[in-house]
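We will take one feature at a time, with the general idea ahead of the case.

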Amino acid sequence: MDGNLSRTINSATPIFELKNVTQRFGHFQSLTDINLKIQPGERVALVGSSGAGKSTLISLLNGTLLPTSGEVWVLDRNLAQLRPKLQRQVQRQIGTVYQQFHLVDNLRVIHNVNAGHLGRWSFFKAALSLIWPQEVETAAQALSQVGILEKLYSRTDQLSGGQQQRVAIARVLVQNPMAILADEPISSLDPERSREIMDLLRHLSHETGKTLVTSLHAIEFARSHYQRIIGLRQGRILFDTSAESLSPTMIEDLYSLNSPSL
Ligand SMILES: Nc1ncnc2c1ncn2[C@@H]1O[C@H](COP(=O)(O)OP(=O)(O)OP(=O)(O)O)[C@@H](O)[C@H]1O
């Protein structure tokens with residue numbers, strides 16, 4: 001971890017803390033008064049209907065969005081108050097995987113995996129790597145962890161959706177962040193590939209102790225693969241519970257078209 005950051009962080013420091021966070025887009029309020037703490041090593045699923053605010057919350061956690069009001073603290077730093085250099089250091093500790101993978105299709109897999117080094121590598125090294133791939137061992141190890149080592153030099157657009165999501169996860173592993181965010185990582189995959197990616201994310205988080213926060217539509221995976229489940233409804237937290245305590249009534253209320261009975 002970067003020196004500046006490691007001096008203030010210990011195992012009890014929350015990875016994420018949101019204090020009275022509200023997010024508006026024009027007149028529309030996407031999140032309202034969110035208070036939330038996520039500790040190191042937790043596996044948290046964000047669930048809720050379309051438009052509930054899950055992706056907005058993920059964008060606040062990785063700093064691509066700053067809140068309209070309230071505070072987002074990542075690794076004990078208020079993101080809105082950081083100088084750009086320290087903000088980048090904090091953001092490097094958060095890796096994000098997206099539904100649409102966010103890969104460069106016409107590049108070979110190794111280059112997409114090595115994109116996990118960007119921000120740490122110099123411009124020269126990054127440019128050189130596009131001609132002579134750098135740190136091949138690290139990329140190979142990450143691909144091996146996600147089970148597709150043989151695809152190291154394949155063109156990315158020749159891979160299946162499930163394999164491309166594995167490349168995106170390998171890129172995050174190379175980045176070696178403290179927390180992994182996954183924004184609907186299985187929405188464009190078939191049921192079998194979805195299960196494989198869910199198993200992989202759970203395994204990686206378990207093996208490495210990395211915090212994992214995933215937005216999901218599939219409530220059954222939230223239950224089976226995560227310890228803690230946060231239900232968002234119309235931009236508010238409806239429940240924040242352990243997976244074992246999630247009841248059918250809570251699920252019904254989360255998705256019902258009427259006001260919840262909780
Ligand atoms: N950049 C933006 N500009 C305007 N409105 C936005 C923006 N981003 C999100 N919204 C709105 O905020 C609300 C929450 O969106 P968000 O994408 O966070 O929901 P979600 O729970 O992730 O939904 P889905 O499951 O469909 O992805 C939606 O009504 C959406 O239209």
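**Where the domains meet**

Q: How many residues of domain 1 and of domain 2 are in contact?

A: Two residues count as in contact if their C-beta atoms, placed from the backbone, lie within 7 Å. Here, eleven residues of domain 1 touch ten residues of domain 2. Before we go on, this is a predicted model, where local features need pLDDT of at least 70 and side-chain atom pairs count only at pLDDT 80 or more, while totals for chains, interfaces and linings use all residues. Residue numbers start from 1 along each chain as its sequence is written.

Q: Which elements give two or more residues to the side of domain 1 that touches domain 2?

A: Elements are DSSP runs numbered from the N terminus: helices (H or I, at least four residues) and strands (E, at least two). On this side of domain 1 they are helix H3 (84-92) and helix H8 (191-208). H8 provides the largest share, five residues.

Q: What is the make-up of that side?

A: Ala, Val, Leu, Ile, Met, Phe, Trp, Tyr, Cys and Pro count as nonpolar, Asp, Glu, Lys and Arg as charged, and the others, Gly among them, as polar. The side of domain 1 that touches domain 2 has six nonpolar residues, one polar and four charged.

Q: Where do the domains run in the chain?

A: Domain bounds come from an automatic or database domain assignment. That assignment gives 19-93 + 178-262 for domain 1 and 102-176 for domain 2. Their C-alpha centres are 26 Å apart.

Q: In what order do the six strands of the open sheet lie?

A: Two strands pair if DSSP finds at least two bridges between them. The order is S6-S7-S8-S3-S9-S10, with mixed pairing. Strands S6 (94-98) and S10 (236-242) are at the edges with a single partner strand each, so one side of each has no neighbour in the sheet.

Q: In which sense do S9 and S10 pair?

A: Strand S9 (residues 228-233) pairs with S10 in the antiparallel sense, over six bridges. Glycine 231, for instance, has phenylalanine 239 in S10 as its bridge partner.

Q: Which residues are around the ligand?

A: A residue is near a molecule if its C-beta atom, placed from the backbone, lies within 6 Å of it. Among those around this ligand are Phe25, Phe28, Lys54 and Ser215. Helix H2 (54-61) and strand S2 (28-38) each supply at least two residues of the shell, and H2 gives the most, with three. The shell divides into three nonpolar, eight polar and one charged.
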